[in-house]
Amino acid sequence: MKNILFAASEGVPFIKTGGLADVVGSLPKSLDKEAYDVRVFLPKYSCMKDAAKEKMSFLTNFYMDYNWKNVYVGILQAEVDGIKYYFIDNEYYFSGPKPYGDDGLFEIERFAFFSKAVLAALPLIGFRPDLIHCHDWQTGLIPVYLKERFQGNDFFWNIKTVMTIHNLKFQGKWSIPEVKSITGLPDSFFTSDKLEAYKDANLLKGGIVYADAVTTVSETYAEEIKTDFYGEGLNGLLQARSNDLRGIVNGIDYTDFNPETNPLIYQNYTPKNFRKEKVKNKLALQEELGMNVDKDVMMIGIVSRLTDQKGVDLIAYVMDRLCQDNIQLVVLGTGEVQYENMFRHFDWKYHGKVSANIYYSEALSHKIYAGADAFLMPSLFEPCGLSQLMALRYGTLPVVRETGGLKDTVQPYDENAGTGTGFSFRNYNADEMLNTIRYAEHVYYDTRREWNLMVDRAMAADFSWKVSAAKYQEMYDWLIG
């Protein structure tokens, strides 16, 4: 039995702000329980829901030397779906209305504390991992502390580490003197081959330098981040580590996202009967949102943060022209004010044809995945992306830009070969996107049989965690030996 420890700043079902939480909640459950004992460490945030806190029980506590003080560390535990979770408790660091704050230096202080506390807690919980799987910059100091502070202790000898980058944009950067003072790391760690990057201390860089292997969340993104455009200043380091860098695409939970059984959608359907049943979701969604009720019109869904990264500037550029077409557009999400107002404006201007829902609702997102015919995701960059995987599962054909995980998971339609599960365009260009949407409209309206065959293929694609978990297991075995 191999012992694997996950360390992350969020995880379903305890706390979630984004896709990282889905990965941390789903991947441990999908690993082979006969071969791996997988456990998870998370911070115990005050803002966790009561239902999550009620699952926890107190395990132990200790005091740890940190940031020139003797600091309290509580350890709580819980078990969900056969996975043991541990929580690092400290009111000073983890109270507040949200899991993440806006004070950059305090964020570094709290997650450096979390990283050190996870390692210090291990001997007390009676679990010695063979490998610690760290997620994003918040756990970047675990591989660093393991090599610097804990390696001398027999308990920690030869524990391997993996650093997974979910989004390279976020790195945990601050000035060297302050980070050095907080972390207690010696001067020798703040050089350009270690934690220093562009005169700052960089926690994610530390994790990448010291981890035994580095992964990111799609094969294409693993290649992209070695380039200037996507590398966020760390491309040289990632090139240097390219032998230890691999991309493994995220999965989605196929029980939660199952059109056959999902209680959140209006009408359940299967790959066999979608031709008759799927459209009932569109009709009910049109009615619920006060749109023109029409089973034949092509409905395009967008469930997204409304930001430049998600390609919303491209949509804004062609919105008037797109609304001249025989389509409906349903938008769900929040983000930059200019884009929220842009969609509100077009909802007012083309009411019945455009529905702008500027908030977030899990239930409505499922209804859009099930009710729309196509799903638009023209991202500037997309490490993995989960929305296109959900859309495929529901037989809602994605229209995507060929970047990161979108390129790896959506096969563009080829009318000659009769292959493909969606539509894609290469350049970050609004006209190219509009042409691709119009090509999708042509297939939808003029060759419906081909469209339906594409839906068959989309629903048959397997992006469950089972497939990804097998690739992680292969990596764990390679590292642990």
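Three strands make up an open sheet in the order 8-10-9, with antiparallel pairing; two strands pair if DSSP finds at least two bridges between them. At its edges are strand 8 (173–175) and strand 9 (196–197), each pairing on one side only. Strand 8 and strand 10 (residues 200–202) are joined over three bridges in the antiparallel sense, and Asp200 of strand 10 is the bridge partner of Ser175. Helices (H or I, at least four residues) and strands (E, at least two) are DSSP runs, numbered from the N terminus.

This is a predicted model, in which local features need pLDDT of at least 70, side-chain atom pairs count only at pLDDT 80 or more, and totals for chains, interfaces and linings use all residues. Residues are numbered from 1 along each chain as its sequence is written, and side-chain values use heavy atoms, with hydrogens and water left out.

Helix 10 has 15 residues and spans 21 Å from its first C-alpha to its last, close to the 21 Å expected at 1.5 Å a residue (1.5 Å times one less than the number of residues). Its buried residues (under 20% relative accessible area, 1.4 Å probe, protein chains only) are Phe274, Glu277, Lys278, Asn281, Lys282, Leu285 and Gln286. These pack against strand 13 (298–303), strand 14 (327–332), helix 13, helix 16 (430–446) and helix 17, where contact means heavy atoms within 4.5 Å. Just after helix 10, Gly290 takes a positive phi of about 70 degrees.

Key. Buried < 20%, exposed > 50% of the residue type's maximum accessible area, 1.4 Å probe, protein only.
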